[in-house]
Every structure is written in structure tokens, then in C-alpha cells.
Amino acid sequence: MYKIVEKRALNEAVTLMSVHAPHIARKVLPGQFIILRLDEYGERIPLTVAAYDRKAGEVTIVFQAVGRTTKMLAALDVGDDILDFVGPLGRPTELEGVHKAIVIGGGVGCAIAYPQARFLHEQGATVKVVAGFRSRDIVILEEEMKAACDELLIATDDGSYGRHGFVTDLLRELLEADSGYDLVIAIGPVPMMKAVCALTKEYAVKTTVSLNPIMIDGTGMCGGCRVHVGGELKFACVDGPDFDGHLVDFDELQRRNAIYRAQEQVDANHICR
Ligand code: FES
């Protein structure tokens, strides 16, 4: 069993939770994820690690309560236990040798973009973070992101905070002003990552995306997380979750992610334990 040691609401729907899992905290790196199962009847859900404390043996996850399991997870409190908490899974993001990067987070994706920005910043890279939200009331981790980069730029769809517009508007300005970026990292909704990659392709800047397909076992056995990258079949759980964004078939990913939407909605509306 894995004990919840911290719980904090970042906004109405997004929760930060730290879990005592020393064997994961000891070796996890930015970009890797865990799979958890709340109880013996529970589904397995993958969540990318947002932070870790090797000394305390704690792993932090940030999640949006949108489905059955995330709603049940959000209802747990400090001191409660999670049955299974497995990881670290997937490959760490390749961050070696990066000197100047733009890290882009969309919504709850900022929780995953943030440790990557922090890692790069701590390695001495120049890092700009572009964070996009629908509106001011759902902005998360602003102070943390600010401390993890040289400049934080926020965009909101409705203009209620930061710049009125999308992350791609700010990204275009950054790329126009400076051709020296050697990496863009984009993490968030599939349409956002797709739009970012279309833009960075124009400017020929290498772009890494973190994919979020349906996952079941997380070990490359079930094929549930399959995606096409550069025409090749890949399993996001073992080959990713990070991939070269210029090669990802985002349309297929979006179609596959929507396959069970109706069932997920029915399930999310009937939480019982
Ligand atoms: Fe089963 Fe990736 S989750 S192969």
C-alpha cells in the first residue's frame, strides 16, 4: 500500500498529491510516469510524475478529476492508501545537451512540463515557459513554473489573464525574435501539441511531445497505447511517452483517445465503491 502524504487543490478540478513511494522516488526522472490502481476492482491509470523528493521518498502527481478513477482519487485524503503505485515507467525525456529551450504546457499539462523546465534550468539551460489555460481561474503552478525558468509567459483563451490568445501565438513571437532555440517541449491536449508541432516545423526547431494514449498494462504487452511515429508503430508506454512531435500521427492519436469516451462518461457518472 502507498500512503498519500500531501494533497492540495490547484484549482476546482486539478489536484496535487504526493505519495510515499521510495522505490520510485529513488530513480524516477522527468518524463516518466506511474500507473496506479486504487483497489482490487479499480482500473489502472497512467499519470506522469510531476515532482519527486528522493530524500523523503515521495512522488508527486497532478491530475484532473474527469473520469471515474480520477474522481475517486480526488476524494482520498492524506493518510489514505493507494493499492498499487507502479513505476517509474517509460523513458525519461532526453534533456542532455540542451542550451536554450521553450517548454510549453497546456492546462493540466503544465504539471508535467514544469519538472522538465526545472530540470533544464538547473542544468544551466536558458528556459522560457509558455503556459496556456482557458481562463484565469484554472491557472495552476504559476509560482513554481516562474521559479523554474528565465521567463514565464501565460496565455488565456478568454484573455482573463496574461496574453489573450493561444500558446502558439506566444510561441511564434519567441521563434520570430530568436532563432537560437535548440528544443521545444510541448505537453498538453492533443490539438495543442499538434498546433505547436506544425509551427515549430516551419521554424525547423526540434520538438518533443509527451503523448497520453489509452494505457492498460504499461509494459508493452497489450498494445493499447499504440501510436504511429514516422510511419512506424510505437508503444507509448515503453518507446515513449516522449516522441519527436514532427513525426507523430496526431489524428490517429485523437481518434483512438475518443474510442471509449461514451463509456468513460457513463462510468464517471456512476461512482460507487
Ligand atoms: Fe499496454 Fe502500452 S499500455 S502496450
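This is a predicted model: local features need pLDDT of at least 70, side-chain atom pairs count only at pLDDT 80 or more; totals for chains, interfaces and linings use all residues.
**Close-up 1. Seven strands form an open sheet with antiparallel pairing.** Strands of a sheet pair through backbone hydrogen bonds, either parallel or antiparallel. Here the order across the sheet is β6-β1-β2-β5-β4-β3-β7, and the edge strands are β6 (81–82) and β7 (84–89), each of which pairs on one side only. Within the sheet, strand β1 (residues 2–9) runs antiparallel to strand β2 (residues 14–20) and is joined to it by 5 bridges, with Ala-9 standing opposite Thr-15 in β2.

**Close-up 2. Domain 1 and domain 2 are in contact.** The chain is divided into domain 1, covering 2–89, and domain 2, covering 100–210, and the C-alpha centres of these two domains lie 24 Å apart. In the contact between them, 10 residues of domain 1 meet 12 residues of domain 2.

**Close-up 3. A span annotated in UniProt covers residues 1–95.** An unreviewed UniProt entry places the feature "domain: FAD-binding FR-type" at these residues. In the model, the end C-alpha atoms of residues 1–95 lie 33 Å apart, and the span is 12% helix and 46% strand.

**Close-up 4. Strands β14 and β15 form a hairpin.** Strand β14 (residues 226–229) and strand β15 (residues 232–235) run antiparallel and are joined by 4 bridges, and Val-227 stands opposite Lys-234 in β15. The hairpin has 2 residues between the strands, and Gly-230 takes a positive phi near 60°.

**Close-up 5. Pro-241 is a buried residue in a loop.** The loop that holds Pro-241 is found between α7 (236–239) and β16 (242–244). Pro-241 counts as buried because 27 other C-beta atoms lie within 10 Å, where 20 or more are needed. Leaving aside residues up to four places away in sequence, Pro-241 touches Phe-33, Gly-90, Ser-210, Leu-211 and Ala-236. Pro-241 and Tyr-2, which are 239 residues apart in sequence, are 24 Å apart in space, C-alpha to C-alpha.

Methods. Residues are numbered from 1 along each chain as its sequence is written. A residue is buried if 20 or more other C-beta atoms lie within 10 Å of its own, exposed if 12 or fewer, and partly exposed in between; C-beta atoms are placed from the backbone. Two residues are in contact if their C-beta atoms, placed from the backbone, lie within 7 Å. Two strands pair if DSSP finds at least two bridges between them. UniProt positions are given in the numbering used here, feature names are shortened, and annotations may be inferred rather than shown by experiment. Domain bounds come from an automatic or database domain assignment.
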